[in-house]
Amino acid sequence: MLFLVKIRTLYLILISLLIALGISAQSALDEISLGKEKQSANDCKKAIIHFQTALQRNSNSIEAKIGYAQCSKILGSITDSKRAFSEVLKRDPKNFDAVIGLTEINIELGEFSEVPKRIDPLLEEYPNHTGLRILESRFLFAQGRKELAIHKLQRLSEKLNHPTDVEKMLGELYLLTGKWKDSEESLSRYTSLSPSDPDGFYLKAQLNLFQNYFHVPKLIDSLKDAEENINNALSLNSKHEASRLLLVKLKMIQANISGNQEKAVLESAFRIIYELAREFPENKHYHSLEASLAEELGRTQFASYHYRRTLGLDDLDEIVRFAAEEYSVKSEKEDSKLRRELGEYRRERYIAEKHSLYFKSAKFHLLRAKDLSPQTPSVRSELLEFYDLSGESIQYVNLLLRLREEDPSHFKLQNKLDFAIQKLKQSLESKEGYLNVELHGIQKKPTSTSPEVFVFDLESRLAFPENYPAGRLLAKAIRYDLSQIQNVRVTNNGELAKIRNSLSETNFHPFTKTIPFSVESLHNLDQDRRNVTKIRYVVHGSYQYVNDNIEIDIRLYDRKLSRDIGQWKTSQKGRDSLSTIISRVTEKIKNILPIEGKILRVKTDEVLISLGKSDGLSVKSVIQFIKNDALVTEGEIIELGKDMSLVKPKQRGWEKELATGDFVTVRPNEDKARKNN
């Protein structure tokens with residue numbers, strides 16, 4: 001009897017477990033169904049919750065894991081997506097959704113070695129599988145084998161009578177390679193066969209804009225058709241991510257067409273990117289774009305937050321970092337969180353690099369730290385050491401004076417100051433009366449007449465660059481670094497603003513707001529220089545910025561010779577890429593420019609000129625005096641100062657020939673030797 005009771009009890013437990021498992025399985029299926037419903041409605045935030053619940057109830061469900069992986073990928077959780085796809089493929093190596101999803105991630109991350117071993121066996125078994133063939137073409141295209149990628153898809157399209165997914169991919173590849181007519185034909189064919197897919201209309205809008213990007217009048221004319229295609233896409237799916245982003249860019253163009261920014265139109269673009277940045281919080285591009293638009297609209301809280309958020313997602317983005325620095329110096333107090341963090345970062349990078357081979361880029365870091373955190377003791381300490389070691393005696397004395405004012409009882413500081421002032425008084429600049437003692441320190445009278453350079457914005461090689469202010473920011477960084485070089489002058493900010501306003505009337509891109517170089521517009525550089533030396537040298541060029549890699553092509557144009565006299569291509573990726581690349585460029589510019597100065601004063605036995613050690617002169621340098629492009633005489637240096645020199649002309653009767661303001665340079669072979677060092 002007892003045995004029968006035990007059997008009955010075990011039977012009831014077994015039945016209960018089976019019922020529970022059945023209920024759990026059914027509820028997992030229900031969750032998967034709800035997840036797919038939300039996923040098809042492009043609501044992955046809600047869909048992923050259902051897929052996670054389904055996996056809690058049935059951890060072996062491949063459908064739930066695929067849905068979770070796909071939604072994780074869309075939401076930017078790439079690590080979770082890769083793991084889920086990989087788990088599916090361990091159990092089912094021929095699961096096409098997992099193969100395609102994981103391979104797409106590999107391609108995006110540049111993990112090319114993983115791709116062939118996964119898709120090649122399947123392509124042999126299923127040679128006409130359109131999804132796999134499209135994946136193969138994406139892989140080939142990402143490797144740079146663009147023509148082969150297109151050729152393979154063309155053959156497949158003809159063989160299978162133009163399947164829709166193949167036509168869509170062909171249209172996209174044609175667009176990316178600039179084959180506008182072929183792209184238009186494929187996309188028109190696709191939208192006629194699949195009129196309910198928003199992707200087709202989005203790609204047509206992209207075609208409208210991209211084919212005309214580098215021809216501004218045509219770009220403006222194409223806005224109406226592009227906007228119509230975007231609206232068609234959004235009418236089919238109001239949450240279509242790519243179409244919404246493209247609409248932001250279109251509205252940015254519309255806001256800047258007239259040259260006077262239409263704030264209401266830019267506000268509408270800001271509202272869209274505001275929504276995208278919150279729907280996709282891991283997308284650094286959305287945060288960067290929102291920060292830039294917020295800055296333009298004067299929304300400082302949004303700008304500050306999203307610059308910090310962008311750098312939090314990718315602290316190797318050197319362009320965004322420079323943009324954030326420019327914004328914070330202009331718009332935030334020194335004790336603001338963003339500005340303090342940026343200043344501390346630059347100080348740390350200076351310390352890391354100051355004893356390395358990248359000393360010139362280290363200087364860039366320190367000067368940026370000074371701009372961001374001028375009152376921070378640790379920055380001042382590094383500046384003091386730098387000024388002392390580099391011979392910047394005036395800056396050294398002025399900083400010591402400020403420190404002494406704050407701590408008058410610091411005797412060690414006072415001793416340093418006394419010694420530095422005594423040394424400065426012995427300098428040629430002081431003896432000739434070019435140093436003035438003023439309330440806030442020592443000021444030097446301007447003496448430099450070195451070659452002056454105007455820097456144009458760099459042009460993007462890619463249509464609609466992700467970081468749209470990059471061309472302006474790179475030009476600003478070049479100007480900034482050139483301004484720190486003694487024997488190069490850059491146009492001052494007041495005149496620069498006037499010239500840019502004049503140039504923008506004829507040469508202005510409404511998306512990037514860049515003012516690119518053109519020979520026809522160079523007359524604008526002289527508009528306020530009727531009786532002043534004209535700007536002779538012009539820096540211009542192009543850039544590409546993808547995946548934190550900066551590539552630039554810089555040229556130096558000589559207006560007198562009407563041609564480029566120098567060209568340099570360089571690239572750098574990752575941390576410190578901006579400071580390194582800018583230091584390279586400015587060094588090249590400095591070395592190719594001639595050493596030029598003027599006579600500051602004609603004395604009884606010698607001549608005072610505006611060239612010194614900082615211009616690369618030594619006591620053995622031979623100075624040439626030029627008048628009306630002809631050599632008058634040469635001279636030897638009697639006393640060499642930092643920024644000026646006393647020279648004894650060799651020719652008898654030079655007193656009658658030379659006058660204040662006359663042009664001086666160094667013997668050409670010495671100039672060449674300086675550039676080779």
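Helix 10 (residues 180-193) and helix 11 (residues 198-210) bring their axes within 9 Å of each other and cross at roughly 160°. (Helices here are DSSP runs of H or I with at least four residues, strands are runs of E with at least two, and both are numbered from the N terminus; axes are lines fitted to C-alpha atoms, for helices over the stretch in contact, with angles running from 0 to 180 degrees between N-to-C directions.) Helix 10 and helix 11 are therefore roughly antiparallel, on a scale where angles under 35 degrees count as roughly parallel, over 145 as roughly antiparallel, 65 to 115 as roughly perpendicular and the rest as oblique. The crossing is left-handed, a label used if the near helix is turned anticlockwise from the far one by less than a right angle, with right-handed used if clockwise. On the helix 10 side, the contact is made by Trp180, Ser183, Glu184, Leu187, Ser188, Tyr190 and Thr191, and helix 11 brings in Gly200, Phe201, Leu203, Lys204, Leu207 and Phe210; contact means heavy atoms within 4.5 Å. Sorted by class, the contact of helix 10 with helix 11 holds seven nonpolar, four polar and two charged residues (Ala, Val, Leu, Ile, Met, Phe, Trp, Tyr, Cys and Pro count as nonpolar, Asp, Glu, Lys and Arg as charged, and the others, Gly among them, as polar).

A quick word on the source: this is a predicted model, where local features need pLDDT of at least 70, side-chain atom pairs count only at pLDDT 80 or more, and totals for chains, interfaces and linings use all residues. Residues are numbered from 1 along each chain as its sequence is written, and side-chain values use heavy atoms, with hydrogens and water left out.

Helix 5 (residues 96-108) packs against helix 7 (residues 130-142) at an angle of about 10°, the axes being 10 Å apart. Helix 5 and helix 7 are therefore roughly parallel to each other. Here Phe96, Val99, Ile100, Thr103, Glu104 and Ile107 of helix 5 meet Gly131, Leu132, Leu135, Arg138, Phe139 and Ala142 of helix 7. That contact comes out as eight nonpolar, two polar and two charged residues.

Then there is helix 19 (residues 359-372), whose axis comes within 8 Å of that of helix 26 (residues 577-592), with a crossing at roughly 115°. That makes helix 19 roughly perpendicular to helix 26. The crossing of the two is right-handed. Lys360, Ser361, Phe364 and His365 of helix 19 make the contact with Ser579, Thr580, Ile582, Ser583 and Glu587 of helix 26. By class, this contact of helix 19 with helix 26 has two nonpolar, five polar and two charged residues.

On to the strands. Strand 7 (residues 549-558) and strand 8 (residues 563-573) run antiparallel and pair over ten bridges, pairing being called if DSSP finds at least two bridges between two strands. Arg555 stands opposite Gln567 in strand 8. The two strands form a hairpin with four residues between them, and Ser562 in the turn has a positive phi of about 60°. Most residues other than glycine have a negative phi. Lys513 is another residue other than glycine with a positive phi, near 60°, and sits in the loop between helix 25 (493-504) and strand 6 (537-546).

Six strands close into a barrel, in the order 9-10-13-12-11-14, with antiparallel pairing. Neighbouring strands of this sheet are turned by 45° against each other on average, direction ignored.

As for domains, the protein is divided into domain 1 (452-592) and domain 2 (596-666), with bounds that come from an automatic or database domain assignment. Their C-alpha centres lie 32 Å apart. Six residues of domain 1 are in contact with six residues of domain 2.
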